[in-house]
Amino acid sequence: MEGYSIKKSSFPGVEVIVMPRIARKKSRSGIYHVMLRGVNKQMIFEDDVDRIRFLETIKKYRDQYKYSLYGYCLMDNHVHLLLKEEAESVSESVKRISSSYVYWYNIKYDRYGHLFQDRFKSEVVESIISFLKVLRYIHQNPLKAGLTGSVFESKWSSVNEYFVKSDIVDIDYGLELFSNIRNDAIKLYKEYMGQPNDDECLDDHVRIRVTDSEVKDYLSEMGITHVSLLQQMDKEKRDLILSRLKEMNGVSIRQLSRVTGVSRSVINRVGQRDRWDVP
């Protein structure tokens, strides 16, 4: 089979077929829309300190390796970035950002292993129309998820950096696509960012009725300030917490698994024995 390789497994006499990794599509403009997602869609930010650290990490490597960042949005379990590769490839830049953040995160929460999925998602951005569409999509992510009432209310996106204060985002390129006159550009930018639309870009396709933040708040009320505490509990105590979470109206098993980092099969089993024991 052309393009495949054969590898011996740990079992004697057994071989497995290894599928080649598909090469990431190369952008002619060097601009990419990138999405980093937590393993099994679990939380990657426990609090605002984590989010600040992630943004500081982006800024650190942007200054060192000179990639351009045009937009970002930090959600509870995934991140959207709009960036242009410069001195190094987008893969190398994203690897630096994620590796540095995970190292810090694991020390803070006394945990081990991966936090992000092995391979980030990306799409090429090769036209002005595509650039503006992706930028608006990133900025409207919290709004479409029901977390804010307006695109401009989001605390953890770059939407307001374009007209309030630019911290880590390169705003000149985006604004000049609207007008060479800065005041006119800002006005047109605001109008465009606020327009309702059905844009479809990279997405994690999660649709929930109860927000992840509400689940986290309920966990905090039960004394679980971060999910590592839950994961380190003995089975009986952990299952009691999970059972209470499952009683929340509008929550899903998939969502609980994403927020807590506990597998869906484990969460599904919680409480089943009690029901079976009822005569």
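This is a predicted model: local features need pLDDT of at least 70, side-chain atom pairs count only at pLDDT 80 or more; totals for chains, interfaces and linings use all residues.
**Rings, charges and helix packing**

Let me open with one side-chain detail: the charged end of K190 sits over the ring of F163, 4.2 Å from the ring centre. By that I mean that NZ of Lys, or CZ of Arg, is within 6 Å of the ring centre and within 35 degrees of the ring normal. The charged end of R96 is placed likewise over the ring of Y65, at 4.0 Å from its centre.

Residues are numbered from 1 along each chain as its sequence is written, and side-chain values use heavy atoms, with hydrogens and water left out.

As for the overall picture, the chain has 11 helices and 6 strands, taken as DSSP runs numbered from the N terminus, with H or I over at least four residues for helices and E over at least two for strands. Of the 279 residues in the chain, 46% are buried, where buried means under 20% relative accessible area, exposed means over 50%, and partly exposed lies in between, for a 1.4 Å probe and protein chains only. Among contacts between residues at least 6 apart in sequence, 70% join residues at least 24 apart, a contact being heavy atoms within 4.5 Å.

Turning to the aromatic rings, a search of the whole structure finds 16 aromatic pairs. Rings of Phe, Tyr and Trp (its six-membered ring) pair if their centres lie within 6.5 Å, and planes under 30 degrees apart count as stacked, over 60 as edge-to-face, and the rest as tilted. The rings of F45 and F54 have centres 5.6 Å apart and planes at 80°, so this pair is edge-to-face. F45 is buried, at 0% relative accessibility, and F54 is buried with a relative accessible area of 0%. Another edge-to-face pair is formed by Y70 and F131, 5.2 Å centre to centre with 75° between the planes. That pair links distant parts of the chain, since Y70 belongs to strand β4 (residues 68-74) and F131 to helix α3 (residues 128-144), 61 residues apart. Y70 is buried at 6% relative accessible area, and F131 is buried at 1%. There is also one aromatic cluster, formed by F45, F54, Y101, W104, Y105, Y109 and F116.

Now to the helices. Two packed helices are described by the angle between their axes and the distance between the axes. Helix α6 (residues 212-221) packs with helix α9 (residues 253-260) at an angle of about 65°, with the axes 10 Å apart; axes are lines fitted to C-alpha atoms, for helices over the stretch in contact, and angles run from 0 to 180 degrees between N-to-C directions. In this contact, D212, V215, K216 and L219 of α6 meet Q255, L256, R258, V259 and T260 of α9.

Finally, which residues have a positive phi although they are not glycines? N40 has a phi of about 55° and lies in the loop between β3 (31-37) and α1 (48-65), whereas K66 has a phi of about 65° and is found in the loop between α1 and β4. N40 is exposed, with a relative accessible area of 57%, and K66 counts as exposed at 54%.
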